[in-house]
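Subject: Structure for you to look at, with notes

Dear colleague,

Please find below the structure I promised to pass on. My notes follow it, and I would be glad if you read them with the model open beside you.

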Amino acid sequence: MSGTLWIILGGAVMTYLARIGGHLVLSRFERIHPRVEAGLNAVPAAVLTTLVAPAAMNGGVPEIASLVVAGTVAWFWGGMMPMFLTGGVVLIALRQLLG
Amino acid sequence: MSIEHSPNRTTRRDMIAGARLGVPVIFASAPFAILFGALAVDNGLSVGEATLMSAAIYGGASQMVGIELFGHKIAPWLVVFSIFAVNFRHVLYSAAVGRRIGHWSFIEKAVGFFFLVDPQYAEAERRIEHGGSVGFAWYMGMALPIYVCWVVESGLGAAFSRLLPDTKALGIDFLLPIYFLGLVMGFRTRSFWFPVVAVSAVASIVAFKFVGSPWHVSLGAAAGVALAASMPPSSRPGGRR
């Protein structure tokens with residue numbers, strides 16, 4: 001079996017463990033410590049930020065401008081599609097103009 | 001004998017109610033499924049491997065991270081670990097939703113948790129908030145159409161990836177960070193959102209420079225989580241001000 005298949009299956013097993021593991025672990029405790037809960041609540045924003053920040057740092061004007069505009073749209077209007085489409089348009093337009 | 005209370009009828013109604021909630025999710029995730037398939041082939045995966053990845057992992061952001069790392073000649077276990085790091089948030093969903101489905105059988109739980117993606121979790125929480133109960137029929141009625149579409153669209157994106165001529169000019173290579181930023185913004189009403197984002201951003205950039213990819217994901221995330229856990233309880237919403 002190729003390395004790629006092993007990675008896919010390994011990723012699938014680990015993902016399933018994450019999806020069932022929280023329930024398996026938590027169902028053993030009567031109460032969750034508030035600090036653990038606060039830390040868990042911060043997980044999505046913390047993880048996803050690390051996927052954006054280095055890309056922004058390595059990006060040029062079109063990349064950074066698209067993130068700023070998309071972030072602003074998300075802040076004021078909410079929702080994924082408006083911010084995503086606006087960011088995409090800014091990115092493509094600036095790459096055409098500057099590239 | 002009353003027909004409207006027959007179990008079959010209730011089951012079907014619950015499934016349809018669940019499926020209806022899945023419709024906007026199917027539309028919103030379609031571009032990303034197609035994009036994933038195209039990027040996967042771009043990063044050296046076959047059409048079959050790309051489709052299998054969507055079917056087996058079923059987690060958009062983690063699949064994107066996985067194929068991104070495939071192109072970097074990184075040790076396989078690190079790629080697997082990075083997929084786990086991105087999907088680690090599901091531990092939280094799992095713990096939270098587990099309290100709602102105590103009445104499910106073991107098999108139903110084992111099947112149900114596989115499909116616990118972000119919108120599935122969000123709709124389950126909202127159903128509880130509105131006084132409903134999360135039944136297996138409702139849950140799978142929402143989950144299965146989303147899942148089938150995700151897998152099929154990934155395969156189509158992979159098979160027809162050559163129809164996207166210049167991914168750089170189309171901006172496709174940088175659409176993902178925009179998408180991830182959208183997910184980050186979606187959590188902006190949570191307590192400590194801004195300090196967590198700021199600390200994770202700085203820590204991940206520093207780790208990216210001095211430790212390297214993909215450790216910047218885990219190290220940056222650990223910094224943000226540690227910050228939230230170290231905040232005094234009195235400053236949390238719900239705590240004393």
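In chain A, the mean confidence is lowest in H2(A), at 78, and highest in H4(A), at 95, where confidence is pLDDT, the predictor's own score for each residue from 0 to 100. Chain A as a whole averages a pLDDT of 88, and 99% of the residues score at least 70. This is a predicted model, in which local features need pLDDT of at least 70 and side-chain atom pairs count only at pLDDT 80 or more, whereas totals for chains, interfaces and linings use all residues. Residues are numbered from 1 along each chain as its sequence is written, and chains are lettered from A and ligands numbered from 1 in the order in which they are written.

The secondary structure of chain A comes to five helices and zero strands, helices being DSSP runs of H or I with at least four residues and strands runs of E with at least two, numbered from the N terminus. Of the 99 residues in chain A, 45% are buried; a residue is called buried if 20 or more other C-beta atoms lie within 10 Å of its own, exposed if 12 or fewer do, and partly exposed in between, with C-beta atoms placed from the backbone.

Turning to the interface, 60 residues of chain A are in contact with 68 residues of chain B, contact meaning that the C-beta atoms of two residues, placed from the backbone, lie within 7 Å. H1(A) gives the most to the side of chain A that touches chain B, with 20 residues. By class, that side has 38 nonpolar, 18 polar and four charged residues, where Ala, Val, Leu, Ile, Met, Phe, Trp, Tyr, Cys and Pro count as nonpolar, Asp, Glu, Lys and Arg as charged, and the others, Gly among them, as polar.

In chain B, helix H3 (60–70) is mostly covered, with 11 of its 11 residues buried. What covers these buried residues includes H1 and H3 of chain A, together with H1, H2, H4 and H9 of chain B.

The axes of H2 (residues 47–56) and H8 (residues 136–159) of chain B come within 8 Å and cross at roughly 160 degrees, which makes H2(B) roughly antiparallel to H8(B). Axes here are lines fitted to C-alpha atoms, for helices over the stretch in contact, and angles run from 0 to 180 degrees between N-to-C directions; under 35 degrees counts as roughly parallel, over 145 as roughly antiparallel, 65 to 115 as roughly perpendicular and the rest as oblique. By class, the contact of H2(B) with H8(B) has seven nonpolar, four polar and no charged residues.

B:Val41, in helix H1 of chain B, is buried, with 21 other C-beta atoms within 10 Å. Leaving aside neighbours within four places in sequence, B:Val41 is in contact with B:Val47, B:Ala50, B:Ala158 and B:Ser161. The C-alpha atoms of B:Val41 and B:Ser161 are separated by 7.0 Å, although these residues are 120 apart along the chain.

Two backbone angles may deserve a look. B:Tyr58, in the loop between H2 and H3 of chain B, has a positive phi of about 55 degrees although it is not a glycine, and B:Phe192, in the loop between H9 and H10 of chain B, has a phi near 65 degrees. Most residues other than glycine have a negative phi. B:Tyr58 is buried, with 24 other C-beta atoms within 10 Å, and B:Phe192 is buried with 21.

With best wishes
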